[in-house]
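Please open the model in your viewer and keep the selection tool at hand. The stops below are meant to be taken in order.

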Amino acid sequence: MSPVEKTAANRQERINKLKRAFAYNIFYKQGVTTRTASLNDCYLAVSHTLRDRMQHLFVNSVEALMEKESKIVCYLSAEFLMGPHLHNNLVNLGLYDDFAQAAEESGLDLKEIIDHEEEPGLGNGGLGRLAACYLDSLSSLQIPAIGYGIRYEYGMFDQEIVDGWQKELSDRWLHPGNPWEIKKPDMACDVGFGGYTEVYHGERGTRRIRWIPARVITGVPYDTPVPGYKVNNVNLLRLWSAEAPISFDFADFNTGDYYGAVEDKISAETITKVLYPNDEQFLGKRLRLEQQYFFVSCSLQDMIRIHLFMYDSLDNLYDDFAAQLNDTHPAVAVPELMRLLMDVHLYDWDTAWEITCKTLCYTNHTLLPEAMEKWQLDLFRNLLPRHLEIIFEINRRFLDEVRVKFPGDDGRLSRMSIIDESGPRYIRMANLACIGSKAINGVAAMHTDLLRKHTLKDWNSMYPGKIRNVTNGVTPRRWIAVSNPRLTKLITEAIGEKWLTHLDELKALEKLADDASFLEAWRKVKEDNKRDVADLILQHQNMVVDPKAMFDVQVKRIHEYKRQHMNVLHIITLYNRIKDNPDIDITPRVFVFGGKAAPGYFMAKRMIKLITSVARVVNNDPDVRDRLKIFFIPNYNVKIGHVIYPMSDLSEQISLAGKEASGTGNMKFSMNGALTIGTLDGANVEIREEVGAENFFLFGLNVEEVMEQQASGYRPMDYYQHNDELKSVIDLISSGHFSRGDRELFRPIVDSLLYDDQYMLFADYQEYIDCQERVSSVFQDKKSWTRMSILNTARMGKFSSDRSIADYSRKIWDVKPFPVELKWQKLPEDGVLFTSGRKE
């Protein structure tokens, strides 16, 4: 048998084993036959087949860590927006082609099965998606890691648009079954709430504190493997689910108190029932704090359990673990780790504090003061009395340090105190995280600079060098290889496949930016992706869209500072120009919006209504003649992002300068060849530096100009009165033209802009309109636009999450890669299945 024949025979043997595994899982796991199996049965059978092959790698990774010590990164995050698992895992394991062929020979359609997967809605947006990208990169860079979070029964709400308004529906992501997780009840942890503390004396008369909680909840872990790209390392996502220690009380049941019999179970399970309860009411705030403490306590207990499995003491905990706090949600880790060390493991304060400060690290994700999390002191005392005692002591000792370093500076003491006493007393979680962490990092160069100079200026003076920058990144495996297979194929054929793990290799595309045949191939990929979307729009909305039009896209959480309504002002400006002169020459555009508004955010929900109302009028006005089309895509999520980023021509990154910490959507767009129109905000600054100013459409005030205008008294009415086009746009909205004559519907938006305009839309309006005209002009020159598109992708190497994780590893965690050697073990029936692309 020739080498070619032998390779073909080996592959066919793998295919046959996969087919048998499909059939086995359909029959034995799903309890159906191939004839009666539903699409969901087929999805679960295929997913179990893949997970079985991952499980061997995961067990192998754990055993390797046991044999040879390595530091483990623990990433604590209230959100993990992982996206669909099946396609991504197939790509990372190098098994996509084998599974596709095995599925086809089994009478299954792998693409249909992939599309069927329910997306876990365990995140709200960028924060959770960043955490997911980082887990992918940690595995791919062979750095041992555990992602710790919450297994929400109901994730981020599903969004429907009804009569132009957002309607929230429960996200029942677990209903079809989750084949990726494994429940580990033997690793459960107990978590207390409420109660009181008491003093006792331990050995040698040492004064100790004992916390007597009023109730105890059990946290049960569910483990999901996270494979790296074509390596043997598989890391772990461990999500905690709340259960009652005793779920059924027979005494209550037997006396006829049927609700009382299960009351504890219902109360406990409420903690992990839903992602981010509406915290406008007191009970919502209480539940959110309960969620944060619950998952933090479980995670720290788990870290300690793992450490003590290997060592006799916790003296060197920080040598084995680096715990990264993803924003302030896990900041309660500071007093909880102190409690565990002092009250449970009997360390003295100074030793416990040293271990805590060397173990924890804190990422700040915001510059908005209202986003800096604070908890009412009375609420905190009621839920976590022991932790409040610890926080008071941390604060007392810390303020003594501040007094020594900055004597007589009472203003600084007030600003840096963990306790906000300017009104009702609050606990400032960002201050707590800053004090108790060995490092603080911002998420973009500009964001970190603003933290040092403004938001955390006092901390930068107190601890020079403690605030570091790690610019965010996204994984190219999901955001190019999975979501844009046409572009992946074109790039790989041109420069090889190394770029998928070394994104700087995309630089090699620069030399092809003037190659006529490559320009044509690049343009065809984009148009084919757009044509796919146009077909979907025709199919689902019965509306014709020209794939040759510019696809102008803004998809992100709906918020005033992200300024989706400024995008709408541009659309209405174009609409007014068409109405004034129906024969005007306007570059055809398809405007695409997507994103969810927080259920309690009145203005954001009204912004969605404005977008959909303008779309209803513009899309149906015969004068427009299809030159402008507007779509609001409901329920924007990772799966929809797989479609949106590859088809986009223009990426709208138009937040007011100084408001966006980083942004990651901007990176995904540019990686897929979209050009950016944006302000000097967040990571836009670094993207522009990398791709070149000539390949970025810049407009708007910079941070210094924003501050100057605010300091001198910003007057939006002046812009309204002196800009005729802006005035006509605002007046048209006010007239009821887009609200069927209802002048009140959009009055809150109009009044906010005229009399406050907190995010300075009017100040940036004219530059934005002028910049959009430059965009239209360049788009008409297909060669120039395509060249700029290629250069955007070619220069995005910096924005891989692999680079971000390498920065964290070097600057903050002090961890090194830990490659795992594969120890082949015989598995039941099918043996071990890996492609030749894997390390052996």
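This is a predicted model: local features need pLDDT of at least 70, side-chain atom pairs count only at pLDDT 80 or more; totals for chains, interfaces and linings use all residues.

Residues are numbered from 1 along each chain as its sequence is written, and side-chain values use heavy atoms, with hydrogens and water left out.

Select residues 158-162, strand β3, together with residues 165-169, strand β4, which pair in the antiparallel sense over five bridges. Strands (E, at least two residues) and helices (H or I, at least four) are DSSP runs numbered from the N terminus, and two strands pair if DSSP finds at least two bridges between them. D158 has L169 of β4 as its bridge partner. Two residues lie between the strands of this hairpin, and D163 in the turn has a positive phi of about 55°.

**The sheet of three strands.** Next, select β13, β15 and β14, which in that order form an open sheet with antiparallel pairing. β13 (374-376) and β14 (419-420) stand at the edges with a single partner strand each, so one side of each has no neighbour in the sheet. Between β14 and β15 (residues 426-428) there are two bridges, and I419 is the bridge partner of I427 in β15.

**The sheet of six strands.** Now show the open sheet with the order β20-β19-β18-β21-β22-β23, where the pairing is parallel. Its edge strands are β20 (628-633) and β23 (697-698), each pairing on one side only. Four bridges join β21 to β22, and S651 has T676 in β22 as its bridge partner.

**Helix α26.** Colour residues 684-691, where N684, V685, E686, I687 and V691 are buried, that is, under 20% relative accessible area with a 1.4 Å probe and protein chains only, whereas exposed means over 50% and partly exposed in between. The elements covering these buried residues include α17 (445-455), β21 (650-653) and α32 (782-794), contact being heavy atoms within 4.5 Å. G692 follows the helix and has a positive phi, near 100°.

**The surface patch.** Finally, select V62, M66, F309 and M310, a nonpolar patch on the surface with about 370 Å² of accessible area together. Helices α2 (39-67) and α9 (282-310) each give two or more residues to the patch. V62 lies in α2 and is partly exposed, with a relative accessible area of 31%.

Notes: Patches are made of residues with over 30% relative accessible area and no salt bridge: like charges are joined within 9 Å, nonpolar side chains (Val, Leu, Ile, Met, Phe, Trp, Tyr) within 5 Å. Accessible areas come from the Shrake-Rupley method with a 1.4 Å probe; for residues, only the protein chains shown count as cover. A salt bridge is a side-chain nitrogen of Lys or Arg within 4 Å of a carboxyl oxygen of Asp or Glu.
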